[in-house]
Amino acid sequence: MKFAKKLMALSLAAVMAGSCLTACGDSSKADGGKSGDENTIVIGGSGPLTGGAAQYGVAVKNAAQLAVDEINEAGGVNGVKFKLVFEDDEADPGDKAINAYNQLKDKGMQVMLGTVTTGSCLAVIDKTKSDNIFQITPSASAQDVIKNDNAFQVCFTDPNQGKASADYIADNNIAKKIAVIYDNSDAYSSGIFNTFKSEAKEKGLDIVAEQSFTKDSKTDFSAQISAAKSAEAELLFLPIYYQEASLILAQCKSADFTPKFFGCDGLDGILSVDNFDKSLAEGVMLLTPFAADAEDEATQKFVKAYKEKYKDETPNQFAADAYDGVKIIAKLVEKESIKGNMSKSEICDKLKKAITDGFSYDGLTGQGMTWSADGAVSKNPKAVVIKDGNYSAL
Amino acid sequence: MKKKLNVQTRKSFVTYALLLIVIIAVEIMVNTGNISSMLQGLLVPICVYAILAVSLNLTVGILGELSLGQAGFMCIGAYSSAIFSNLVKDSITEPMIRFPLAIIIGGICAAVFGIIIGIPVLRLRGDYLAIVTLAFGEIIKNVFAALYIGYDSAGLHISLKSQGDLNLASDGKMIINGALGISGTPNDSTFEIAAVILFITLIISYNFINSRTGRAVMSIRDNRIAAESVGINITKYKLITFGLTAFLAGVAGVLYSHNFYSLQASKFDYNLSILVLVFVVLGGIGSVRGSVIAAAVLTMLPEYLRSINKYRMLFYAVILIVMMICTSNATVRNFFVRNFEKLKGLIIKKKSAGETAKEGE
């Protein structure tokens, strides 16, 4: 018995020591690989590839890879090619996000595309600041994400989304009596709700029911739905992610509650939920900068390429944001003629100066996107409605 | 002549020595730059998880009660100390003064809550206790996730509804921003401090186990009725253990919150409590050294499995199952023990053979 314990302890210690050693080996290799190669810039991406938010992370990873491949096939920018490394952060707001970031650093990341989710991004921003790595997040939308001067967003910030939603509802006279169901344990959801509430007050909208749920109780919404129903809401505002929204839609139907539904970019992806009856989502409005069936050439080309590469999957807004993110980096690299053998910090200084200095980008998620020094993007939101099982522009 | 140390003391000194060797080795690696960023980033979390596992072991292994509220106490320690540090970071700029104060505050807050919760909860036993502690952990987490605290010239403002309800003056600053948590906590945790605290935790645990109190607690575990009949105050000893566990978990929370820029309550869910319990069970219930090793190995494992990408979590689970079977299955264990003894026998024989040969010369 005692020996067994000792043996166990010894073998575990050996495993530990062994793993330490392998780690050292890896790092030295990575260090050796990155220095001196002037024709490759490593873009590091971080997002959830497993777990509940995996759809976002996978979309970002796929689209970023697509963009990188396109750039490289066209010969790179000024002869510089890109390499994408992507790590799983499980959308964790703490140590796992940091672990993913550190792993990216070990793999020689020079520019960061990420992270995908807000919580992880908040954990990482101070690290990228102290390492002075240029960071552009495709989809982490909280205001705090861009508080450092090296971080920029492709998507809207949450306050903007909440404000834009309230404005859109009020300006287009969609409804007056509004019920909200939001996730108060989630930074994204409560961030939108806070600004939606204050803007709704100003615009004279009447919030008749404020219902919240938490991450641990996100399967049964009957209490929230019946509260919204008894308050006679005409519109249900859902600043949440699509997984929960799909359940709410189904449960609203069984509760015989048929208001209009309005959501933000988190609802994007609702049509690809497994076993989800798409007819339930008919008429759902969402505020998103990207619609896969838009007529313009760039969108069509992107959707076609994405579908070809990833088994007929329709790209969502996250994919479009990521694609834009990589293209933005490429444009900036071209503008500043950055080479792969420059240090991370040098690249960062050049990029962050370049992006605020009269740079404008026409992408999938907006025309004439510009950035101010605070890191937020300025572009127009688009409202999208789900019609015949597809997203179409309003 | 050498005084023969008692078994328990020897065991604890072996652990201290092992830990010291590992810490020194890591220090050397860090200072010579021979360490990957990832491993360096893992150092403090490993210490945090090790402290959590050791402290939970006091409740699970020594007191013999299953507690699933470890993440809740960690959450209290993390939040209370982060609030403190954010409030005083402008007035006390020296981290060597601020951080120890934060550690003490975090630990004491957690211990107070541990005792408050322990008074009603420890009347229960077994599965019931486990479920109630789980519920308390969730309550703590959800309260912090819904909490908005800000301060301005008029003092602290607290709300459970939304940021707007705080009515902060224009010079006000948010401390806890609901689900967005706390950001801007000074990064005072370093591996050195974390390692020292882990060391102190081990000393506390071993001395607790080998003390009069510890023996009383173990007697409650082994036979409650017999313990009661010899006059041991069961409630008191249970509360002492529970409070100590909560205190150490709180300290781990302090280290955790001061290691990252942002802190969100969603991190402290029941998965974390169960993860810590897994460390304890895998390391051997009641074994302090085992808890530390299991915490270190299982924290590093998923990171080193990153190379196999999407199969990572699958492999992690499979390895966990295999480890559990290997450490708990008598047949498998006996196989190792037999071979280990054989090996040991061989070495001793060789040694004695060598010695006789020497004498013969």
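**Entry 1. Domains of chain A**

I looked up where the two domains of chain A meet: 10 residues of domain 1 are in contact with 11 residues of domain 2, two residues being in contact if their C-beta atoms, placed from the backbone, lie within 7 Å. The side of domain 1 that touches domain 2 divides into 2 nonpolar, 8 polar and no charged residues. In this count Ala, Val, Leu, Ile, Met, Phe, Trp, Tyr, Cys and Pro are nonpolar, Asp, Glu, Lys and Arg are charged, and the others, Gly among them, are polar.

I noted the bounds as 24–155 + 298–378 for domain 1 of chain A and 159–288 for domain 2; such bounds come from an automatic or database domain assignment. The centres of these two domains, taken over C-alpha atoms, are separated by 30 Å.

I record here that this is a predicted model, in which local features need pLDDT of at least 70 and side-chain atom pairs count only at pLDDT 80 or more, while totals for chains, interfaces and linings use all residues. Residues are numbered from 1 along each chain as its sequence is written, and chains are lettered from A and ligands numbered from 1 in the order in which they are written.

**Entry 2. The contact between the chains**

I then turned to the contact that takes 48 residues from chain A and 47 residues from chain B. On the side of chain A that touches chain B, the elements giving two or more residues are α1 (2–34), β2 (81–88), α3 (95–106), α4 (118–131) and α6 (187–202) of chain A. I found that α1(A) gives the most to this side, with 16 residues. By type, the side of chain A that touches chain B has 20 nonpolar, 15 polar and 13 charged residues. Helices (H or I, at least four residues) and strands (E, at least two) are DSSP runs, numbered from the N terminus.

**Entry 3. The sheet of chain A**

I traced an open sheet of 5 strands in chain A, with the order β2-β1-β3-β4-β5 and parallel pairing; strands pair if DSSP finds at least two bridges between them. In chain A, β2 and β5 (151–153) stand at the edges with a single partner strand each, so one side of each is left without a neighbour in the sheet. The twist averages 25 degrees from one strand to the next.

Within it, I checked β3 (residues 111–114) and β4 (residues 134–137) of chain A, which run parallel and are joined by 3 bridges. Val111(A) has Phe134(A) in β4(A) as its bridge partner. Helix α10 (residues 317–336) of chain A packs on the sheet and touches β1 (40–47), β2, β3 and β4 of chain A, its direction making about 160 degrees with that of β3(A). Axes are lines fitted to C-alpha atoms, for helices over the stretch in contact, and angles run from 0 to 180 degrees between N-to-C directions.

**Entry 4. Chain B and its sheet**

I counted 13 helices and 5 strands in chain B, whose C-alpha trace spans about 90 × 60 × 50 Å along its principal axes. Of the contacts in chain B with a separation of 6 or more, 76% are between residues 24 or more positions apart.

I followed an open sheet of 3 strands in the order β2-β1-β3 of chain B, with antiparallel pairing. β2 and β3 of chain B stand at its edges, each with a single partner strand, so one side of each lacks a neighbour in the sheet. Strands β1 (residues 148–152) and β2 (residues 155–159) of chain B are joined by 5 bridges and form a hairpin with 2 residues between them. In this pair, Tyr148(B) stands opposite Ser159(B). Over 4 bridges, β1(B) pairs with β3 (residues 173–177) of chain B, and Ile149(B) stands opposite Ile176(B) there.

A residue is buried if 20 or more other C-beta atoms lie within 10 Å of its own, exposed if 12 or fewer, and partly exposed in between. In β3(B), 4 of the 5 residues are buried, so this strand is largely enclosed by the rest of the structure.
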